[in-house]
Structure formats: structure tokens, C-alpha cells
Amino acid sequence: MSAPSPSAPRPSQTTNVIYWISTTLVALLMLQGGISELMHTEGSNQVMRSLGYPVYLNTILGVAKLFGVAAILLPVPRTLREWAYAGFTFDISGAIASFVAVGQVNWLLLIPIFSLALVLTSYLTWRRRTAGATVVLAHSSPAHDSVAASA
């Protein structure tokens, strides 16, 4: 891996702030939801029953959310992080569709809509932040890397 070139684009301060705020909120939201689902709280079980899903789905979703939180906060391979964002998007989109399908369309539907906006903001700003690093890596050659590593 080569050192970043001076011409590589760097994320702006605003991008970094938006990324960390949205990512922290997503992580807290998913952490709270995942723990609640794993503990089978009455609230999480009631939501599953009202949507017509089996309560054991809480365990599956809870575990997935905790792994997803780890994947967006820890240094993991890019693909794993993208899967976490995709999983959060599917989870929240499925919640929105489920609430609409059973006729629970009220102001509470704004919560998953806001959550989806947070996930998309976190993902898009993460992509913007890592775009410069991808450009640097894409332009490095194996021969250059081995020379740099031996120096």
C-alpha cells in the first residue's frame, strides 16, 4: 500500500462530521433495537405479533443488528461494511413495508423513515470519505508497493 499522494481528494470536515453523527446515531439505534430483540422485551415481541411475524424472528434480527453495528464501527473489509449497510437498509425498508401492509400508517411510521435516512446518510458519507483512499490504492502498482515496502 502506498502513502497517500498529495493530489488524492480528502473528505471535507463537514463530510466527516456528518458521517460520524449519522453513523453514531445508526449504531445506537441498531444497538438498542438488537439488544431489545435479543432480550425479547415485551415491546419487541408485541411489534412482531402485531405485524404477523413469529417472535423468534427477534433473535435473528437482534444478532444481525449487533453484527452490523460492529461492522460499521470497527475496521473491517469494505464488503463486510457494505453488507451491514445493506442489511440495515433491508431491515428498515421491510419494517416500513410491514407497517404499511398491516395498515399501521400513522406518525410512528416516521421513526423507520428517519432511521432509513440516517442509514443512507451514513453510507453515502462513508463512501465519500473512502473515495480518496480507493483512488490512491487503485493507482498503486505491485512493483511500486514492493519497492516501498523494502525501503
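**Entry 1: S44 and its helix.** I began with S44, which I found in helix α2, and I kept in mind that the model is a predicted one. S44 has a relative accessible area of 10%, and because buried means under 20%, I noted S44 as buried. Leaving aside neighbours within four places in sequence, I listed S36, E37 and N58 as the residues in contact with S44. I also looked up G34, which is 10 residues apart from S44 along the chain, and the C-alpha atoms of the two are separated by 9.7 Å.

**Entry 2: the rest of α2.** Which residues of α2 are buried? In this helix, which runs over residues 42-51, I wrote down S44, N45, M48 and L51 as buried. They cover an arc of only 135° around the axis, which puts them on the same side of α2. When I asked what covers these buried residues, I found that the cover includes α1 (13-38), α3 (57-73) and α4 (78-101). After α2 comes G52, and I noted that its phi is positive, near 85°.

**Entry 3: the largest pocket.** I next looked up the largest pocket, in which about 810 Å³ of space lies. It is lined by 30 residues, and I recorded E37, V47, K65, A95 and F99 as the closest to its centre. The elements that give two or more residues to this lining are α1, α2, α3, α4 and α5 (110-139). Sorting the lining residues by kind, I had 15 nonpolar, 12 polar and 3 charged.

**Entry 4: aromatic pairs.** How many aromatic pairs does the structure hold? I found 4, and I followed up two of them, starting with Y19 and W20, which form an edge-to-face pair at 4.9 Å centre to centre with 75° between the planes. Y19 is buried, with a relative accessible area of 2%, whereas W20, at 42%, is partly exposed.

The other pair I looked up is that of Y85 and Y123, also edge-to-face, with 5.3 Å centre to centre and 65° between the planes. Y85 lies in helix α4 and Y123 in helix α5, so this pair ties together parts that are 38 residues apart in sequence. Y85 counts as buried at 2% relative accessibility, while Y123 is partly exposed, with a relative accessible area of 22%.

Notes. Residues are numbered from 1 along each chain as its sequence is written. This is a predicted model: local features need pLDDT of at least 70, side-chain atom pairs count only at pLDDT 80 or more; totals for chains, interfaces and linings use all residues. Side-chain values use heavy atoms; hydrogens and water are left out. Buried means under 20% relative accessible area, exposed over 50%, partly exposed in between (1.4 Å probe, protein chains only). Helices (H or I, at least four residues) and strands (E, at least two) are DSSP runs, numbered from the N terminus. The arc is that of the directions from the helix axis to the C-beta atoms. Contact means heavy atoms within 4.5 Å. On a 1 Å grid over the protein atoms alone, a cavity is a set of points where a 1.4 Å probe fits but cannot get out, and a pocket is an open set with protein on both sides within 12 Å along at least five of seven lines; lining residues have an atom within 4 Å of a point. Grid points are joined across faces, edges and corners, and a volume is the space filled by probe spheres set on the points. Ala, Val, Leu, Ile, Met, Phe, Trp, Tyr, Cys and Pro count as nonpolar, Asp, Glu, Lys and Arg as charged, and the others, Gly among them, as polar. Rings of Phe, Tyr and Trp (its six-membered ring) pair if their centres lie within 6.5 Å; planes under 30 degrees apart count as stacked, over 60 as edge-to-face and the rest as tilted.
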